[in-house]
Amino acid sequence: MIFPLFDSTIILLIPAIILTIYAQVKISSAYGKYSQVRSNSGRTGADIARALLDENGLYDVKVEQVAGHLTDHYDPRTQVVRLSSGVYNSTSIAALAVAAHETGHAVQHADGYVPLKLRSAFVPIASFGSNVGPILIILGLFLTQTSFLLTLGIYLFAFAVLFQIVTLPVEYNASNRALAFLGNSGIIADRDEMHGAQKMLSAAALTYVAAALTAILTLLRFVLIAQSRDD
C-alpha cells in the first residue's frame, strides 16, 4: 500500500461529497436569488435583528457588522449578533432570514437551550480533535509497531463528529424560531416573502447536514482502516 489512506474505504465519502456539492449549490442559488428580492418592510437585516432582540427582551445583546460573505453568527461569549455587510445593510428577503436566524441563536442562549449549551461546551475539544485527530491518525497508520496514536486520533476526531451532530438541532431550531419571529411580528406578512425566507433557511440548514454526514463517514472510514490494519 503506497499510502494507508488511499484504499477502498474512500468510496464511503462519495455520498458526503455529492451532498456537500449539492448543498453549496443550493445555498448559493437561494442566496443569489433572495438577496435580490427586496422585502416589503424596507428594513435592513440590522434593523430586524435589533427589533427581534428587543422584542425578546435581549436589550444587552449588540448587533455588529462583520467582514466577509455569509460570515453571520451569534457569539455567546460576548453576546453579539454579527452580520455580514450583505445582510447588515440589505433589505432583501435573504438578509431578513439570516438576521432572524442569528437572533434565534441569541434567544436560544437566553433560554438556556440545552443543545446550544452542549455545542458551546464541545467547541474547545472539537476544535482540538478536528485539527489534531487526523494528524495522529495518519502518524498512527505509519507507525505499525503501536496502535496508540491511531486509537487516540480516532477518539479525538470523534469529538469533532459529535460537535457536528449536536449542531444540527441548534441550527434547525434557530431557523424555526426565525420564521416564527418574522411571521408573528408581522415583519413578513406576504406569503411569497415567507416562502423565500423558508427556502433560504432550508438551503442553509442543508450545509450543516452535509457537514455532519461528512464527519460521520470520515470517522467510520478511519475506524474501518484501523480495523483492517489489525487483521
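Arg177 counts as buried because its relative accessibility is 18%, and buried means under 20%. This is a predicted model. Asp111 has a relative accessibility of 52%, so it counts as exposed. What do the side chains of Arg177 and Asp111 form? They meet in a salt bridge, with a distance of 2.9 Å from N to O. Arg177 belongs to helix α6 and Asp111 to helix α4, so the pair ties together parts that are 66 residues apart in sequence.

## Other salt bridges

One network, made by salt bridges that share partners, joins Glu64, Asp75, Arg77 and Arg82. The count for the model is 6 salt bridges.

Since Glu64 is in strand β1 and Arg82 is in strand β3, the pair ties together parts that are 18 residues apart in sequence. Glu64 counts as partly exposed at 32% relative accessibility, whereas Arg82 is buried, its relative accessible area being 17%.

Asp54 pairs with Arg50, and the closest N and O atoms are 2.9 Å apart. Both residues are in helix α2, which covers residues 45–55, and they are 4 residues apart, or about one turn of the helix. Asp54 counts as partly exposed at 30% relative accessibility, and Arg50 counts as partly exposed at 26%.

## Overall layout

The protein contains 7 helices and 3 strands. In what order do the elements run from the N terminus on? The order is α-α-β-β-β-α-α-α-α-α. Taken along the principal axes, the C-alpha atoms fill a box of roughly 65 × 35 × 25 Å.

Of the 231 residues in the protein, 45% are buried. The accessible surface comes to about 11700 Å², and carbon and sulfur atoms account for 62% of it. Among contacts between residues at least 6 apart in sequence, 73% join residues at least 24 apart.

Ser84 is part of strand β3, which covers residues 80–84. Is Ser84 buried or exposed? Ser84 counts as buried because its relative accessibility is 1%. Apart from neighbours within four places in sequence, its contacts are Val66, Gly68, Leu70, Thr71 and Asp72.

One of these contacts, Leu70, is in the loop between β1 (62–66) and β2. Its phi is near 55 degrees, which is a positive value in a residue other than glycine. Leu70 is partly exposed, with 33% relative accessible area. Gln79 is found in the loop between β2 and β3. The phi of Gln79 is also positive, near 55 degrees, and Gln79 is not a glycine either. At 36% relative accessibility, Gln79 is classed as partly exposed.

## The largest pocket

The largest share comes from α7, with 6 residues.

## Surface features

A nonpolar patch on the surface is formed by Ile135, Ile138, Leu139, Phe142 and Leu143. Together these residues have about 430 Å² of accessible area. One member of the patch, Ile138, is in helix α5, which covers residues 114–142. Ile138 counts as partly exposed at 30% relative accessibility.

Tyr155 is in helix α6 and counts as exposed because its relative accessibility is 57%. Tyr155 and His101 are 54 residues apart along the chain, and their C-alpha atoms are separated by 32 Å.

Technical notes:
Residues numbered from 1 in each chain as written. Predicted model: local features only at pLDDT ≥ 70, side-chain atom pairs only at ≥ 80, totals over all residues. Heavy atoms only, no water. Helix = DSSP H or I, 4+ residues; strand = E, 2+ residues; numbered from the N terminus. Buried < 20%, exposed > 50% of the residue type's maximum accessible area, 1.4 Å probe, protein only. Contact = heavy atoms within 4.5 Å. Patch = residues over 30% accessible without salt bridge, like charges linked within 9 Å, V, L, I, M, F, W, Y side chains within 5 Å. Areas by Shrake-Rupley, 256 points an atom, 1.4 Å probe, with all protein chains shown as cover. Salt bridge = Lys/Arg side-chain N within 4 Å of Asp/Glu carboxyl O.
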